[in-house]
Amino acid sequence: MDNDDPVKRLGRFEALDKRPVNLDGFAERDDEAGLVAFASANDPEPSVALEADGRVIELDGHAAADFDLIDAFIAARGLDPVVAEEANAMDDVAFARLIVDPNVPRAKVVRLAAGATPEKLARVVALLRPVELQMAVSKLRVRKTPSNQAHVTNRLDDPLLLAADAATAVAYGFREVETTVPVNADAPSNALAVLIGSQVGAGGALTQCSIEEALELELGLRGLTTYAETVSIYGTEKVFIDGDDTPWSKAFLCSAYASRGLKMRVTSGGGAEALMGAAEGRSMFSLESRCVAQARAMGAQGVQNGGIDGASVVGCVPGGMRELLAENLLVMLRDLESCSGNDALVSESDMRRTAHTVPLFLAGSDFLFSGFGSIPRYDNMFGPSNFNAEDLDDYLVLQRDWGVDGALRPVTEDGLRAVRERAARACLAVYRELGLVGAGEAAPAGFGGDRAADEARVEDVVVAEGSKDITPPDPQAILEASGAIMARQLGILDVVRALWATGFEEEAGRVLAMGRARVAGDYLQTAAIFDEDMRCLSKVTDPNDYQGPGTGYEVPAARLEQIAAIRQQRSRADLLARHAAGAPGRDAGAAAGFRLLARGEARPGTHPHEVCVGVSPALATKLWFTMAGLHVGDALAAIVEGIESGGCVARLVRVRSTVDLGVIGLTAAELAGSGVAVGLQAKGTALIHRKGLAPLACLDLLSIAPLLSAGMYRELGANAAGYAKGLRPAPVRNPYTDQAIEARYHAEVVALIAIERGESVPGAPPLDLEVER
Amino acid sequence: MSGAAAGGGFSAGGFSARALSGRPIEQLTLDAAVRGDLSPADLRVHPDTLRHQAEIAEAHGNPQLGENLRRAAELTALPDDEVLEIYQTLRPGRSTAAGLAKVAERLDAAGAPLCAALVREAAEVYARRGLLKPV
């Protein structure tokens with residue numbers, strides 16, 4: 001087919017085309033379609049006019065008679081009349097500076113913002129550059145202590161797996177756990193399973209089940225969930241009505257949740273209006289500012305935004321990622337809890353999706369993700385999140401790299417195994433105790449019926465990465481359990497009693513504490529979470545007081561240690577213990593028993609075919625393996641074999657005075673009768689040297705220690721023999737890799753060299769060595 | 001767990017929460033729950049608690065959150081299905097002007113004047129924006 005095409009494509013473009021980022025869609029700015037991040041040509045001019053009694057009679061270019069639903073709602077209850085004129089008269093740049101300036105207290109900024117019209121605030125925030133947005137987020141988020149929310153779902157709605165995964169999320173440190181369903185009618189069972197799992201290992205995590213509004217409210221009323229989030233609001237009248245709601249119906253819903261003591265937040269997010277084809281030609285940010293103003297007007301304590309379902313729509317236009325971060329800031333400026341998005345996979349490119357999340361991650365938020373996918377991508381029934389279970393280690397490392405509290409913590413395999421098992425068992429016990437499963441023959445295979453099958457099932461769930469690793473439960477069983485929960489009106493007290501009756505007293509106490517919390521009502525305040533001791537952290541009890549360096553949230557020392565202690569971290573002691581396994585008398589395979597015996601001070605040799613092999617101070621004293629995992633005895637044997645294959649005689653010497661491989665090789669060369677030597681460090685790096693050369697000017701060098709095999713050492717030995725005989729052997733080629741080999745091994749290199757240095761004796765003469773096996 | 005911790009740690013101003021049933025929060029113990037002494041109303045928030053939280057929200061500069069909590073306090077008196085029903089009447093195109101007026105009256109009668117005002121405000125705007133159900 002390419003035969004007809006005379007122009008051959010550039011290899012560079014062909015290669016770039018295959019990069020993941022080119023699977024993403026990018027749209028040209030289109031103001032009419034609302035495909036514009038900031039400042040559409042159709043955005044109104046900010047304006048406000050008030051009557052003497054404080055009534056707003058003009059808002060962002062509209063007179064009261066022309067207010068649409070959203071204008072009318074914001075005008076009626078969204079703006080602080082005391083500061084409205086002051087805020088809107090202020091110069092945009094001056095306002096923007098107040099937002100960023102650490103010397104201006106947060107309280108002063110939010111007081112002004114409370115009077116700013118949606119368009120005014122949109123214009124002001126649009127002035128902030130990315131780093132200024134980060135500064136503003138650090139200063140303006142409501143709660144001082146950052147937190148994080150997890151998605152916990154699976155393709156099968158398997159309750160035991162949901163419980164185990166909820167406990168897993170809590171073990172990692174998530175303080176809100178959100179579930180949903182692939183099958184609508186499974187919602188009650190999912191809510192129950194997640195509630196149980198969320199209180200295993202530690203108490204206080206809030207849970208929700210995202211589902212159709214009436215059912216979500218009902219599950220909340222029963223105490224099977226403890227917060228709600230999916231109360232959607234929109235930035236144009238048309239889309240709001242298409243969503244079958246109005247600002248007033250949603251405001252009423254906010255009060256309904258609060259009337260039952262439930263925390264709730266609303267959901268908005270840029271791009272939704274453009275997706276629905278009714279953006280009125282306005283920019284995404286302008287519309288989102290209307291959403292956030294409505295949220296404040298409704299009396300919601302918080303907002304989930306930063307794209308959400310429309311994140312990728314925002315991401316496809318110029319400035320989109322900046323817009324998403326700016327959305328979060330709008331919420332903070334309105335003095336509301338920010339549940340900051342990052343919950344939809346915005347790119348096929350790991351680089352691009354990470355770049356979306358990192359600015360907020362560094363700045364900190366009330367909830368850094370409004371759903372980190374704590375389960376594998378394929379199990380996320382919201383669709384994959386921007387970060388998922390596969391990314392947990394990356395995330396923990398990012399926290400460690402920056403010394404930033406991303407609200408998660410490392411877990412051990414044993415610790416995780418324990419909470420997963422306890423959660424699965426607690427869930428099974430409650431389902432049995434409440435008669436939700438296992439009723440006679442109707443009991444589905446492997447769930448609630450046969451005890452042995454249940455046991456196997458719990459074991460499967462504990463070790464499963466996700467739902468692909470377990471036997472699917474009978475879908476009918478989950479539907480029946482859900483039906484029973486609804487028909488029998490089971491609620492939190494039934495769960496408490498069932499947990500207690502089946503020996504899960506600790507969890508019973510924690511579930512009850514969640515019920516008691518709603519009687520106390522403290523967690524209705526802005527940005528409230530419970531820590532693991534059930535202390536309520538909120539705007540009231542844990543206010544963000546950032547005012548520049550040395551203020552605001554300081555990662556506590558113990559928490560910094562926890563962040564540092566990732567499971568991959570190794571100490572020098574770990575390394576020495578690993579190497580000790582190669583010492584004589586230990587099982588090190590073929591090299592077992594290998595040792596190097598010192599035979600006195602080495603003198604210059606005279607045999608013209610004598611090639612020395614100089615080894616480093618710690619080789620076969622403290623260090624027994626090369627970085628490639630080869631026993632040092634085997635590496636030495638390969639070098640000697642190579643030397644002998646070239647018709648030369650090998651002589652081993654230890655150079656004790658230095659850790660520098662160039663000097664080791666040169667010293668050995670000066671002792672060799674041929675004037676040629678091989679130098680070998682314990683870590684595996686090796687070279688050929690000749691008497692009279694400068695230390696760094698060696699003849700041949702194998703530098704990529706982690707990739708060196710016995711065959712390469714043999715080749716190096718043979719080359720050394722060649723040089724000794726005055727030939728010109730072809731240089732040994734270093735193996736090449738494009739992997740981050742330094743990132744993988746440099747920490748180990750530092751430890752290895754430190755051990756070499758510890759074994760070195762400055763000024764000590766080289767020693768002759770003999771091999772004993 | 002101490003009583004203060006059980007209450008969530010914030011009980012400044014000497015406010016002591018009790019459940020909708022009237023039972024003091026200190027009595028909401030695991031013992032009581034497993035003995036079967038607690039009923040769902042023992043785990044529901046009391047309107048006084050919501051008004052107390054409203055005062056806190058207002059003192060912390062968020063009058064809208066305060067008003068929401070005051071509306072919530074009013075709604076504690078209404079059964080779940082009635083709350084859901086009122087929500088439905090507020091959805092677009094569901095109610096006539098007279099229908100919404102009746103809901104507002106009902107709310108007034110139930111001691112929920114803030115909720116009633118919200119419904120009346122909605123009715124006025126719905127009329128202007130064509131969101132009322134045709135008579």
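The structure is a predicted model, in which local features need pLDDT of at least 70, side-chain atom pairs count only at pLDDT 80 or more, and totals for chains, interfaces and linings use all residues. Residues are numbered from 1 along each chain as its sequence is written, while chains are lettered from A and ligands numbered from 1 in the order in which they are written.

Along its principal axes, the C-alpha trace of chain A spans about 110 × 70 × 65 Å. The domain assignment, whose bounds come from an automatic or database source, gives domain 1 (23-140 + 226-318), domain 2 (146-206 + 369-568) and domain 3 (573-772). Between the C-alpha centres of domain 2 and domain 3 of chain A there are 53 Å.

Of the 773 residues of chain A, 57% are buried, a term that requires 20 or more other C-beta atoms within 10 Å of a residue's own, with C-beta atoms placed from the backbone. Two residues are in contact if their C-beta atoms, placed from the backbone, lie within 7 Å. Among contacts in chain A between residues at least 6 apart in sequence, 77% join residues at least 24 apart.

Chain A contains 29 helices and 20 strands; these are DSSP runs numbered from the N terminus, helices being H or I of at least four residues and strands E of at least two. Two strands pair if DSSP finds at least two bridges between them. Strand S20 (residues 767-772) of chain A runs antiparallel to strand S14 (residues 595-601) of chain A, with 5 bridges joining them. Here A:Leu769 in S20(A) is the bridge partner of A:Ala598. S20(A) is also joined, by 2 bridges and in antiparallel fashion, to strand S16 (residues 649-654) of chain A; A:Leu767 in S20(A) stands opposite A:Arg654.

Notes:
Buried ≥ 20, exposed ≤ 12 C-beta atoms within 10 Å, placed from the backbone.
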